[in-house]
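Me: I'm new to this one. Can you walk me through it, a piece at a time?

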Amino acid sequence: MRGAIVYRDGVEKSRMDLHLPDTVAYRFISLPQYETERILAEELARFGTRVERGVELTTLTQDVDGITATVRDEHGEQTVRAGYAIGCDGAHSTVRKQLGIAFTGDALPEEYMLADVEVDWDLPVGYSVRSIGRADDGSEDPLVCIPLPGDRRYRMSMRVPPELSTATAKDGVAHGLEGGRAPELHHVQAVVDRLSPRPATVSTMRWSSVFRISHRIVDRYGAGRAFVAGDAAHIHPPTGAQGMNTGIQDAINLAWKVALAVRGKAAPGLLDSYDAERRPIGEEVVARTVRAVRQGVGAGETDVAMVIAREAQLLVGYPDSPLVAEGAGAEVLDGGPAAGARAADARGLGQDFLAGTIRLHDLFRHTGHTLLLWARDARAAATQRRLIEAVPAIAAGHLRAYVIVGRDADLPDISGMVLRDEGGEFAKEYATGHVETAAYLVRPDGYVGFRTTASDAAAVLLRLRAVLRV
């Protein structure tokens, strides 16, 4: 994805190029959801787990010790006993209904159709297109085209013609693909002829559907040992491609906490933090995408970099979470990720026995916490290494620690514990260049749980005890 262009009545009104800082390793990419699912399923299979398709949850009850669920497949019904349940079962979630969780909101009155087609036109490659005209009743008539992998392939969204309207709502939630007659190529071409800013011909339709859009969110993200995530917790317009990414972030936020609970290592209240952290994010995404479906992404805003970072979900954070805290001296870190913020990346970290360099985010590729200890010089590094040694064995397997030193520190090391800030990027991104020592405790989901400028093992352990049962 290179950018987005907005047209009104065939005239270009705005263009946004999607530029991210070099400290962000990945750029915007537009993939169909089925392709993302394939990638995730293949990764899951590497750990010996596969998704069982065609299995339906029919009932779910819980007690103080666990969950009892009844599921149905082609062989009949069976009972499953589990410690916890996570309902990722979509807008019409059975888990949500069984838990009695409210799902409040409304539906947009318009009905739309989707089509996956090839488009022959002279618009720039890699840009999404939003072209707005005026319907006979005076309302806006939008055509949205999102580029997909493949030659000239786009996902197109537009108002549905009257002859294809279904206007149905399953169990009161009008959201997602609808049954009935699917749009044909001539339906799509008629809208393109009316709204495309350039002459265009559509062809090679892979699939199409009519769909409805609602905006709803639950009043709580869980009850007892059961939780909801993704569309089961929040539904909203697809503007800005926030939905699936938000749902995956729900799952990542919850998964490491449930994993600790399953192992008997979760601190009291850890699972309650899922609702406290993720429901405010869901509320913000629902409200923002409802505005964007009417006005477009970033409409009326002047800080383009901020809009791009927000749509990339780089601004998601949990500053009010009960799990995070600022420690002694954190106020002198004039910049850097605060407690609850996304841990920034940094390039150019070196080790004495490596010919090349590594990125900071590579150190987070494990399932526990990561403790980053800044040391401006060799003397400070010795202090920080003693801090690591003071962390008791109880954190073993749940914590990895590294000392990051200034590039000029004379500190030979072969343990892999010490990294040199060769390019000064860590000091810049984490605002540590002017202090002798600093510590950042990064959670398994990549957010800062705690930071301090003091070399204080007791303070670090206190924050770990907010997460780990020690």
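Me: Which residues is L349 in contact with, leaving aside its neighbours within four places in sequence?

Reply: This is a predicted model, to start with. In it, L349 is in contact with T357, I358, R359, L360, I404, L419, R420, D421 and F426, with neighbours within four places in sequence left aside.

Me: Is L349 buried or exposed?

Reply: L349 is buried. Its relative accessible area is 0%.

Me: Where is the place of L349?

Reply: L349 is in strand 17. That strand covers residues 349-350.

Me: How far apart are L349 and G317 in space?

Reply: They are 25 Å apart, C-alpha to C-alpha. In sequence, 32 residues separate the two positions.

Me: Back to strand 17. How many bridges join strand 17 to strand 20?

Reply: Two bridges, and the strands run antiparallel. L349 has D421 as its bridge partner in strand 20.

Me: How does strand 19 pair with strand 20?

Reply: In the parallel sense, over four bridges. Strand 19 spans residues 399-406.

Me: Which way do the residues of strand 20 point?

Reply: V418 and R420 point one way, while L419 and D421 point the other way. All are buried. As a general rule, side chains in a regular strand alternate between the two faces of the sheet.

Me: Now E425. Where is its place?

Reply: E425 sits in helix 8, residues 425-429. E425 is buried, with a relative accessible area of 14%, which is under the 20% cut-off.

Me: What does E425 touch?

Reply: T23, A346 and R347, not counting residues up to four places away in sequence. For R347, the backbone nitrogen lies 2.6 Å from a polar atom of the E425 side chain.

Me: New topic: helices. At what angle do helix 4 and helix 5 pack?

Reply: About 175°, with axes 10 Å apart. Helix 4 is residues 243-262 and helix 5 is residues 273-295. The two are therefore roughly antiparallel.

Me: What about helix 3? Which of its residues are buried?

Reply: H187, V188, Q189, V191, V192 and L195 are buried. Helix 3 runs over residues 185-195. The cover over these buried residues includes strand 7, strand 8, strand 9, strand 10 and strand 12.

Me: Why is strand 10 called largely enclosed by the rest of the structure?

Reply: Because six of its seven residues are buried. Strand 10 is residues 153-159.

Me: Which way do strand 7 and strand 10 run?

Reply: Antiparallel, joined by seven bridges. E118 stands opposite R153 in strand 10. Strand 9 and strand 10 also run antiparallel, with five bridges joining them. I146 is paired there with R155.

Me: How many residues lie between strand 9 and strand 10 in their hairpin?

Reply: Five. In the turn, G150 has a positive phi of about 115°.

Me: How many bridges pair strand 3 and strand 4?

Reply: Seven, in the antiparallel sense. Q62 has I67 as its bridge partner in strand 4.

Me: And what order does the open sheet of three strands with mixed pairing have?

Reply: That one goes 6-14-13. Its edge strands are strand 6 (85-87) and strand 13 (222-223). Strand 6 and strand 14 run parallel, joined by three bridges.

Notes:
Residues are numbered from 1 along each chain as its sequence is written. This is a predicted model: local features need pLDDT of at least 70, side-chain atom pairs count only at pLDDT 80 or more; totals for chains, interfaces and linings use all residues. Side-chain values use heavy atoms; hydrogens and water are left out. Buried means under 20% relative accessible area, exposed over 50%, partly exposed in between (1.4 Å probe, protein chains only). Two strands pair if DSSP finds at least two bridges between them. Axes are lines fitted to C-alpha atoms, for helices over the stretch in contact, and angles run from 0 to 180 degrees between N-to-C directions. Angles under 35 degrees count as roughly parallel, over 145 as roughly antiparallel, 65 to 115 as roughly perpendicular and the rest as oblique. A polar contact is a pair of N or O atoms within 3.5 Å; within protein, one must be able to donate a hydrogen and the other to accept it, and residues adjacent in sequence count only if both atoms are side-chain atoms. Contact means heavy atoms within 4.5 Å.
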